[in-house]
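Dear colleague,

I am handing over to you the structure that follows, and below it I have written out what was found in it. Please read the notes with the sequence and the model open beside you.

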Amino acid sequence: MVDTIVYEKKNNLLRLAELEDGRLSEIEIIDLNKAAEGTIFLGRITKKIELANGKTGYFVNIGGGREAFINAEEGDLDELKAHEGQETIVQVAQEERAEKGARLTRAIQLAGKYLVYCPYRMNIEISSKIEDKLKAEEYKKLVWENTTGQEGWIIRTSAVNQNKETITEEMEKLRELFDAVRAKARNSKAPETLYARNNVLADAVLHHEETLRKIVANDHNLEEIFSGDFEFVYEAEPFKSYGLEEALSEALQRDVRLKSGGRITIEETRACVAIDVDSGSDTSASGSLGHLNMEAAEEIVRQIRLRNLSGKIVIDFAGHSEYRFLKNVIEYLESELKKDYIRTTVFGLSRAGNVEIVRSRRRPSLRDTLTEECSNCCGTGRVEK
């Protein structure tokens with residue numbers, strides 16, 4: 001559980017690290033000059049392109065010399081039929097990464113503390129992390145009774161145990177926020193930023209308010225904003241003070257050593273992320289393959305969050321590739337990855353004996369954020385003899 005948050009902002013670069021018992025578990029790095037996930041723009045269509053199977057897409061100018069992509073066909077929305085030069089309200093669904101620009105959506109979502117407002121939906125969803133199903137249905141009924149017109153909602157885990165007035169007040173605030181976005185769009189000329197995502201520190205505090213014990217930041221003003229059952233510490237160079245620069249460097253390495261002597265190798269490719277578990281020097285009787293694979297699974301969960309690995313993730317565990325040998329490992333992955341706020345699905349064992357996972361792609365991986373492809377080896381990591 002996250003007990004410490006380290007926050008550092010320098011010029012237009014913002015870094016936020018989450019620590020569990022002093023160990024880096026997750027990091028978010030935001031370049032404020034780039035289009036962050038959740039940002040809403042009034043964009044201008046610059047080009048229409050034909051996709052496979054007769055589908056259509058568009059490139060959209062969102063400002064700052066940036067172009068992003070939107071698919072004309074989205075669930076629960078009529079197909080976008082636009083022409084070059086047309087203005088449209090869009091939201092960043094996936095941030096730009098490597099050679100790919102940002103991906104946009106017209107299905108706007110505005111996240112509050114307890115709810116997510118979805119003005120173009122007609123349904124109410126409940127966070128799967130709410131274990132009390134009776135309580136969840138009670139809140140669903142409350143939201144439904146206070147829904148007006150065409151709108152949808154997602155009830156967040158943090159809504160549990162809040163009083164009814166708090167929930168209905170947030171519903172009204174989110175409606176007003178969306179009205180303000182539309183009003184700004186009517187009085188603006190594309191490209192224009194209509195709404196920037198919530199403060200990343202506020203989001204992190206909300207996610208971990210039950211276990212958070214300390215916030216370390218290089219901004220004295222934040223102490224007045226964030227108060228609670230945790231300590232606020234000012235540090236001029238918080239990442240340096242907590243050894244996080246070295247931890248970031250380690251997180252970019254291909255190999256991760258295990259205490260048992262085994263090793264995890266992580267390869268990020270365009271098609272998928274491949275993870276191999278190797279027994280290494282783990283040959284002792286106490287270091288059975290079952291023990292090694294469970295230790296590897298624990299570290300893999302951490303590395304997925306830390307490196308922000310996403311898309312298709314394929315894991316080749318050590319030893320036998322039959323389900324009976326990997327049952328406990330797969331069940332562990334399922335239970336731990338359910339806690340991830342980014343949607344992650346464990347599909348189990350493939351016919352080839354690999355464990356397959358799919359994690360929603362919302363932000364670039366740590367590697368894509370901090371590095372770029374080598375022009376000499378073209379990303380292979382190898383050079384000619």
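Among contacts (heavy atoms within 4.5 Å) in the protein chain between residues at least 6 apart in sequence, 58% join residues at least 24 apart. Please keep in mind that this is a predicted model, in which local features need pLDDT of at least 70 and side-chain atom pairs count only at pLDDT 80 or more, while totals for chains, interfaces and linings use all residues. Residues are numbered from 1 along each chain as its sequence is written, and side-chain values use heavy atoms, with hydrogens and water left out.

The protein chain holds nine helices and 21 strands, where helices (H or I, at least four residues) and strands (E, at least two) are DSSP runs numbered from the N terminus. Its radius of gyration, taken over C-alpha atoms, is 23 Å, close to the 21 Å that the globule rule (2.2 Å times the number of residues to the power 0.38) gives for 385 residues, so the chain is as compact as a globular protein of that length. Buried residues make up 45% of the 385, with buried meaning under 20% relative accessible area, exposed over 50% and partly exposed in between (1.4 Å probe, protein chains only).

The side chain of arginine 106 reaches the backbone oxygen of aspartate 78 at 2.6 Å. Leaving aside neighbours within four places in sequence, the residues in contact with arginine 106 include Glu74, Asp78, Glu79 and Tyr120.

As for the cysteines, a disulfide is a pair of cysteine sulfur atoms within 2.5 Å, and by this rule the count comes to zero. Cysteine 374 is in no disulfide, the nearest cysteine sulfur being that of cysteine 377 at 3.7 Å. Cysteine 374 is partly exposed, with a relative accessible area of 35%, whereas cysteine 118, at 1%, counts as buried.

With kind regards

Technical notes. Polar contact = N/O pair within 3.5 Å; in protein donor to acceptor, adjacent residues only side chain to side chain.
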